[in-house]
Amino acid sequence: MFPVEDVLAGNRLALARLLTAIENDTPAGRAALSALFPHAGRAHLIGVTGAPGTGKSSLVNRLAYHYRHPPDGEAPKTVAIVAVDPSSPFSGGAVLGDRVRMRDLTGDQGVFIRSMASRGSLGGLARMTAGVVQAFDAAGYEIVLIETVGAGQAEVDIARLAHTTLVVEAPGLGDDIQAIKAGILEIADILVINKADRPGVENTERALRNMLNLAHPLPRVYRHHGALQEVLPAVAEAPADEAIWIPPIQKTIATRGDGVPELAAEIARHRTHLEASGDWERRWRARLQRELEDLLQDALVHRWRREIPPNYYEDVFSQLVQRQISPRQAVDALLNGGREA
Amino acid sequence: MSASERKIRVLIAKPGLDGHDRGAKVVARALRDAGMEVIYTGLRQTPEMIAEAALQEDVDVVGLSILSGAHMALAPRVLELLKANGQEHVKVFIGGIIPDEDVPGLKAVGVSGVYGPGTLTDQIVADIRQIVLGEEAA
């Protein structure tokens, strides 16, 4: 059994070893997660995703630094960082390099950085990332920044885990067609245009702004052939409703820290919105339900496997391979026939 | 968990002031291809930064790349800090330009292996496997 009390008391070595046990999904790690569960649920989980090279690690570094050194007398917050990088599909090994960009945070006992390899998961996180995040939450870290694998279009697991999801873009990476595709841009609670000193930033901002306007029509005025025209939204009633969150666009230059205080303010505003609208609770309810169903599925499959006669699965499978039965018939045979056979 | 499922985690760091990180990157890549998880911290790390990263990442092995000649000062300091953090089980190896006459002294303070130019990466992989998994099996 893991020394859960040591983790709760702030012992960093105990926490580090617990994270390894969770990541390896050992029985001790599972037991510790259960013991820690009542202590979790307080941290603000902030996801940071986006294409490789948009500056996610640098932005995480600056955001964490901002929380540790807040302006004008605010209390610093403790910060945990979970940085996920891909595992090799061939060797299973990985080079985890996100720490290279996080040097500003060393020597600070209020920061804990942990690198994770994705270990074959395809959704942008590792299978045990949620467990690692829960351990940090229970250990009392107030902010948990979760940096995904460099994500393309469909790696959207982060939105299910985090309270607030930042999608980081950089100038020159895509046109306005990219911006209307389904997927990663849709999960953004806040859109960040990093490297905002690069040429093309206006185009990126315009493409994202147009995408948002399609999703959240607002009355706006523009100039057409020199005449001012007002365009009313297609929806009859303008969404003046406070319950609707329209993702803001924040420009940053992470290497210099420009725009980071403003970004932190938007993150805080999103948290306030989540709490006021009831979404905070809805999100964690949905998350727990999903976790429960995933675990239940795993457990049922395990139990069923233990109960069927040995070789029965292989027998049915070989019938399937010989096309004597279809995949659905195979499932029926396995579920119904197993016990009588 | 059986030894075969266990992922070996290695921190590769460059302490000191020289900026030659080619060797560190070659070794990081070789260990990756051998199925290990390598945390790469980049250039100009202090021993304190290295020990802190080793703790947070709960690594099995720390690899130091030193070409500045400061190995007799840096390596013992890293070992000392690891121990102070309760990580005396972490193995430390060194790559880079290390004069032969310094090797016994480094081994005496607890360095597990010293690898100079021309070392085969397979040798480093085999030694790490032996030192991490061999001890657990014993």
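Lys195(A) is found in the loop that runs between strand 7 (190-193) and helix 8 (201-215) of chain A. The model is predicted.

**Loop residues with positive phi**

- Lys195(A) is not a glycine, yet its phi is positive, at about 55 degrees.
- Because 24 other C-beta atoms lie within 10 Å of its own, and 20 or more are enough for the class, Lys195(A) counts as buried.
- Arg119(A) is another residue other than glycine with a positive phi, in this case near 50 degrees.
- The loop that holds Arg119(A) lies between strand 4 and helix 5 (129-138) of chain A.
- Arg119(A) has 18 C-beta neighbours inside 10 Å, so it is classed as partly exposed.

**Contact between chains A and B**

- The contact involves 25 residues of chain A and 25 residues of chain B.
- On the side of chain A that touches chain B, at least two residues each come from helix 2 (12-23), strand 3 (94-96) and strand 4 (111-117) of chain A.
- Helix 2 of chain A gives the largest share of that side, with 6 residues.
- By residue class, the side of chain A that touches chain B holds 10 nonpolar, 11 polar and 4 charged residues.

- An open sheet is formed by 6 strands in the order 3(A)-2(B)-1(B)-3(B)-4(B)-5(B), with parallel pairing.
- Strand 3 of chain A and strand 5 (113-115) of chain B are the edge strands, each of which pairs on one side only.
- From one strand to the next, the twist averages 20 degrees.
- Helix 3 (residues 71-84) of chain B packs on the sheet and touches strand 3 (61-66) and strand 4 (91-96) of chain B.
- The direction of helix 3 of chain B makes about 165 degrees with that of strand 3 of chain B.
- The link between the chains consists of 3 bridges from strand 3 of chain A to strand 2 (residues 37-40) of chain B, and these two strands run parallel.
- Val95(A) has Val38(B), in strand 2 of chain B, as its bridge partner.

**Helix 10 of chain A**

- Helix 10 of chain A covers residues 279-307, which is 29 residues.
- From its first C-alpha to its last, helix 10 of chain A reaches 42 Å, close to the 42 Å expected at 1.5 Å a residue.

Terms used: Residues numbered from 1 in each chain as written. Chains lettered and ligands numbered in written order. Predicted model: local features only at pLDDT ≥ 70, side-chain atom pairs only at ≥ 80, totals over all residues. Helix = DSSP H or I, 4+ residues; strand = E, 2+ residues; numbered from the N terminus. Expected span 1.5 Å × (residues − 1). Contact = placed C-beta atoms within 7 Å. Nonpolar A, V, L, I, M, F, W, Y, C, P; charged D, E, K, R; others polar. Pairing = 2+ DSSP bridges. Buried ≥ 20, exposed ≤ 12 C-beta atoms within 10 Å, placed from the backbone. Axes fitted to C-alpha atoms, helices over the stretch in contact; angles between N-to-C directions.
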